[in-house]
Amino acid sequence: MNGADLACDALLGNGVDTWFANPGTSEMHLVAALDRRPQVRCVLGLFEGVVTGAADGYGRMADRPAATLLHCGPGLANGLANLHNARRARTPVVNIVGDHASYHLPYDAPLTSDIESLARPMSHWVGRAGSAETVRMMVDQACRAAAAPGVATLIMPADAAWGEVPPTSTVPPSLAPARACVASDAIDEAAKAMRASRNPLVLLGGTALRTDAMAAAAALSRACPVRLLAEYGSARIERGGGRLAIETMPYPVDAAVTALAQFDLIVCIGATDPVAFFAYPGKPGRLAPPGCRTIELTARGEDPGQAIRALADCFDGRKCDLLAAPALPPMPAAGQLTGSAVAAITALLLPDNAIIARESVTQAAEFAQFAAGGAAHDLLSLTGGAIGMGIPLSIGAAVACPDRKVICLQADGSGMYTCQGLWTQAREQLDVVTVILANRTYAVLHNEMRQVGVGAIGRNARRMLDIDDPALNWVSLAQGMGVEGVRVDTTERFADVLRTAIARPGPFLIEADISV
């Protein structure tokens with residue numbers, strides 16, 4: 001038995017049985033060890049950003065970590081953008097990053113790098129296995145850090161992986177502890193502040209956006225005059241099917257400032273004090289009005305669901321009904337396809353218990369509004385702003401929940417960052433419908449130019465913001481990676497193709513041309 005065997009068994013003992021991987025030479029002993037453990041599911045990604053984004057999607061839906069297997073510092077670096085999103089989503093992830101054998105590092109071979117410095121900004125915990133004998137301890141530490149929840153990165157030198165350890169028939173499980181409860185004193189203090197407030201807001205994130213917790217939030221809103229909002233870019237919201245149709249903080253800074261202007265108290269549960277995504281000339285960074293008090297009721301490692309239920313109990317709101325859901329939109333009129341029509345039709349045709357992986361900022365708010373009164377579904381959103389998340393996120397969600405249909409609403413520009421994920425969808429035969437909203441431009445960046453005060457956009461600026469010359473052919477891209485695809489440009493054709501794609505199993509891509 002070697003350190004690689006020990007690492008695999010320790011991860012299994014901590015409930016980690018799924019690996020998303022793009023390994024190299026330094027990880028070959030880990031690959032060989034995985035080959036001896038058929039109970040582990042190994043999923044190959046052709047780019048590390050696909051690997052880390054898939055681990056994010058898996059962790060959001062499974063509520064336990066997957067492992068990633070990455071090749072040295074450069075491999076980790078290729079995956080950092082989606083680890084940034086996972087960190088912001090508070091997703092449990094365990095990264096296993098190979099490195100040169102410890103005695104080879106002084107030679108400064110071409111792949112030598114400072115992996116710790118690369119990992120630290122996107123990880124809640126970083127560790128290194130000094131030898132095969134320390135592997136079990138380090139894996140357990142990584143799993144405990146991931147369960148907090150968060151991103152844990154364990155660096156595994158090659159000699160720690162191939163080094164022999166005393167043989168053992170089993171590695172006893174060392175499962176990470178459950179999340180801690182928020183102290184009753186903190187709950188009481190928040191309730192006291194709410195009673196004294198003229199216009200309180202409860203801002204929800206994390207597991208406070210699950211069905212049971214939102215039922216408690218709805219009860220709270222009936223029992224006392226408090227407004228509820230979900231943080232912008234929530235990792236996962238359980239919606240539809242009679243659940244609380246909670247509104248989300250707007251993305252545009254002016255709209256967000258207006259939405260918060262009336263409040264004198266914000267109680268954050270699974271969320272943080274709301275701030276603007278970017279700084280803009282003459283506009284505030286903190287979105288709450290001056291003088292508004294913020295209470296961040298939950299820290300990392302504490303249970304937001306428990307916190308909102310306990311807060312509702314303070315107001316005796318346990319027996320109140322859910323708030324009424326809005327009606328579904330009408331079927332859009334026939335004719336040229338638009339982004340609004342894509343959002344409305346997807347909401348209308350959504351199968352029960354679907355998972356939506358959404359990376360389409362331009363149509364994001366419309367879809368959320370339209371789907372709130374529809375079938376039960378989970379909505380996964382872009383949390384950290386690092387684009388290239390949607391397709392990988394759909395992979396992880398489909399692996400975690402093979403009995404549920406996954407629909408990926410993906411903008412065309414950001415989709416090109418990790419389009420290699422379509423190959424993984426095909427190889428694993430994942431039940432994912434990818435809808436590419438093809439507007440042939442970075443529409444959100446056109447809006448950002450206006451936000452920073454730029455009026456006319458000239459030729460050079462357009463060449464950095466538009467992607468229509470040459471136009472991308474997503475159907476050809478998908479077919480080249482083994483996924484069947486169809487391009488549509490009318491409302492009626494999109495509805496027909498989406499119905500067919502939802503009804504059949506396996507991966508399928510719809511290029512929705514909304515460029516006109």
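In the predicted model, the chain is divided into three parts: domain 1 spans residues 3-162, domain 2 spans residues 184-314, and domain 3 spans residues 339-513. According to UniProt, in an unreviewed entry, residues 1-106 carry the annotation "domain: Thiamine pyrophosphate enzyme N-terminal TPP-binding".

The relation between domain 1 and domain 2 was examined next. Their C-alpha centres are separated by 34 Å, and ten residues of domain 1 are in contact with eleven residues of domain 2. The size of an interface is often given as the accessible area lost when the parts come together. By this criterion, domain 1 and domain 2 bury about 760 Å² between them, and carbon and sulfur atoms carry 39% of that area. On the domain 1 side, Arg60, Arg90 and Ala148 supply 57% of the area buried against domain 2, more than any other three residues.

Polar interactions also cross this boundary. Three salt bridges were counted between domain 1 and domain 2, together with eight residue pairs in polar contact, both residues of each pair having pLDDT 80 or more. The side of domain 1 that touches domain 2 comprises five nonpolar, two polar and three charged residues. Side chains of opposite charge can pair when their charged atoms come close. Such a pairing is seen for aspartate 63 and arginine 210, whose side chains form a salt bridge with an N to O distance of 2.8 Å.

Alanine 148 and proline 149 are joined by a cis peptide bond with omega of about 5 degrees. Proline 149 is located in the loop between helix H7 (135-146) and strand E6 (151-157); its partner in the cis bond, Ala148, is one of the three residues named above for their share of the area that domain 1 buries against domain 2. A cis peptide bond also runs from aspartate 469 to proline 470, where omega is near 0 degrees. Proline 470 is found in the loop between helix H19 (459-465) and helix H20 (474-480). Finally, cysteine 72 adopts a positive phi of about 55 degrees although it is not a glycine. Cysteine 72 belongs to helix H4, which covers residues 72-78.

Terms used
Residues numbered from 1 in each chain as written. Predicted model: local features only at pLDDT ≥ 70, side-chain atom pairs only at ≥ 80, totals over all residues. Heavy atoms only, no water. UniProt positions renumbered as here; feature names shortened; annotations may be inferred. Domains from an automatic or database assignment. Contact = heavy atoms within 4.5 Å. Buried area = accessible area lost by both parts, 1.4 Å probe. Salt bridge = Lys/Arg side-chain N within 4 Å of Asp/Glu carboxyl O. Polar contact = N/O pair within 3.5 Å; in protein donor to acceptor, adjacent residues only side chain to side chain. Nonpolar A, V, L, I, M, F, W, Y, C, P; charged D, E, K, R; others polar. Helix = DSSP H or I, 4+ residues; strand = E, 2+ residues; numbered from the N terminus.
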